[in-house]
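Keep the structure in view as you read.

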Amino acid sequence: MAEGASREAQLCSEQFGSGAARGCRAAADGSLQWEGFPDSVSPDYLPYQLWDSVQAFASSLSGSLATQAVLLGIGVGNAKASVSAATATWLVKDSTGMLGRIVFAWWKGSKLDCNAKQWRLFADILNDVAMFLEIMAPIYPICFTMTVCTSNLAKCIVSVAGGATRAALTMHQARRNNMADVSAKDSSQETLVNLAGLLVSLLMLPLVSGCPSFSLGCFFFLTALHIYANYRAVRALVMETLNEGRLRLVLKHFLQRGEVLDPTSANQMEPLWTGFWPSLSLSLGVPLHRLISSVFELQQLVEGHQEPYLLCWDQSRNRVQVVLSQMAGPETILRAATHGLVLGALQGDGPLPGELEELRNQVRAGPEKDSWVIVKEIHQVLDKLFPKFLKGLQDAGWQTEKHQLEVDEWRATWPLSPEKKVL
């Protein structure tokens with residue numbers, strides 16, 4: 001009887017994505033939840049958003065203290081202050097920030113999504129520095145205009161870096177072709193946190209306005225909380241696409257132990273503070289004319305390259321430059337980057353497979369072989385090694401059909417047997 005009653009109560013069943021099936025009963029409950037959650041977002045969404053909310057709240061309170069200091073320095077509440085002077089200071093401050101925004105977007109725009117976690121952490125630390133300058137600005141009235149201009153310049157850089165990295169993280173977290181939905185909810189969440197910060201600021205500012213030392217102490221506490229929450233939020237992210245830093249870690253582990261790190265382990269090991277200055281300079285998508293000036297150099301560069309890319313290795317500078325063909329897809333770019341990092345490993349320490357260990361000994365013995373000969377022999381090693389590495393990446397859960405490697409837009413074509421002429 002009980003089983004019959006249960007079957008009558010359950011009218012139907014349904015399932016969303018990979019989630020567990022649930023029954024539709026005659027007396028449905030009235031619970032309300034985000035439709036599709038958690039299957040519609042990445043597994044790291046919830047821990048990241050929790051820490052992101054903490055850092056946004058701390059930043060909102062710090063921003064209130066900084067705004068109060070700027071208004072005090074610009075003359076609010078001072079009967080002797082000039083409206084025209086305050087307006088001029090404000091316009092110069094905004095103009096400086098606008099110019100900084102344009103220059104930074106042109107200079108570093110293409111690099112932001114390649115190292116989204118590092119740039120996001122950098123942006124938040126720079127934002128704290130900008131707010132500290134604003135708080136200190138009224139203490140030195142002679143340098144007030146220069147200080148607030150520098151602060152606004154830093155904030156505009158933060159705006160560019162933060163907006164670009166937020167877009168990259170939203171693309172990572174949206175798993176059901178729902179980037180707009182995730183972005184809208186993230187924006188609403190940030191608005192709610194800022195509203196809470198505004199209400200707390202209304203209570204906090206009257207308490208600290210008469211005591212500069214207490215205000216500065218509150219700022220340092222909130223800044224420490226802001227940086228810590230940002231670090232935890234960034235560490236919670238598990239990116240399944242390979243950038244240069246993650247590829248370097250995974251390849252090093254593969255060469256030393258024959259195993260491919262999974263995304264969770266690699267993301268935990270990824271450097272957040274030193275990722276901007278790698279030991280090996282790897283440039284993908286460089287123009288061909290930068291590497292050659294004669295047909296002989298082109299023939300030398302092409303020899304042994306069966307893949308749709310050409311690689312030039314400068315041992316003295318530890319620099320690898322890669323020319324990409326028009327036919328180079330994500331897998332080719334991944335192999336080219338792997339090729340360059342393997343060359344860098346020859347000048348480093350740590351165990352390597354037998355063939356690579358022999359080449360390392362040849363490199364360390366002296367310039368008996370030209371760089372292009374070593375590059376050609378690495379090609380032959382990669383013909384056997386790279387398919388295993390690529391399959392290991394796919395089995396471990398990495399997305400190899402796309403990547404976050406920094407690649408320039410130059411593409412080239414080259415003949416197998418060029419005629420003798422100066423290019």
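Helices are DSSP runs of H or I with at least four residues, numbered from the N terminus. The model is predicted.

Q: In which helix is the place of Leu192?
A: The helix in question spans residues 179–208. Leu192 belongs to helix α6.

Q: Is Leu192 buried or exposed?
A: Exposed means over 50% relative accessible area. Leu192 has 58%, so the residue counts as exposed.

Q: How are the rings of Phe132 and Phe219 arranged: stacked, tilted or edge-to-face?
A: A search of the whole structure finds eight aromatic pairs. In the pair of Phe132 and Phe219, the ring centres are 6.2 Å apart and the planes stand at 25°. Planes under 30 degrees apart count as stacked. The pair is therefore stacked.

Q: How many residues apart in sequence are the parts that Phe132 and Phe219 tie together?
A: Phe132 lies in helix α4, residues 116–136. Phe219 lies in helix α7, residues 212–236. The pair therefore ties together parts separated in sequence by 87 residues.

Q: Which class of burial does Phe219 fall into?
A: The cut-off for buried is under 20% relative accessible area. Phe132, at 29%, counts as partly exposed. Phe219 has 1%, so this residue is buried.

Q: Which residues do ring pairs link into a cluster?
A: Aromatic ring pairs join three residues here. They are Phe104, Trp119 and Phe122.

Q: Which strands stand at the edges of the open sheet?
A: The sheet has three strands in the order β3-β5-β4, with mixed pairing. Each edge strand has a single partner, so one side of each lacks a neighbour in the sheet. The edge strands are β3 (281–284) and β4 (309–314).

Q: In which sense do β3 and β5 pair?
A: β4 and β5 (residues 319–324) pair in the antiparallel sense over six bridges. There Cys312 stands opposite Gln321, and Tyr309 stands opposite Leu324. The pairing of β3 and β5, over four bridges, is parallel.

Q: Which residue in the hairpin of β4 and β5 takes a positive phi?
A: Four residues sit between the two strands. The phi in question is near 50°. The residue is Asn318.

Q: How many residues of β5 are buried?
A: β5 has six residues and is mostly covered. The buried count is five.

Key:
Residues numbered from 1 in each chain as written. Predicted model: local features only at pLDDT ≥ 70, side-chain atom pairs only at ≥ 80, totals over all residues. Heavy atoms only, no water. Phe/Tyr/Trp six-rings, centres within 6.5 Å; stacked < 30°, edge-to-face > 60°. Buried < 20%, exposed > 50% of the residue type's maximum accessible area, 1.4 Å probe, protein only. Pairing = 2+ DSSP bridges.
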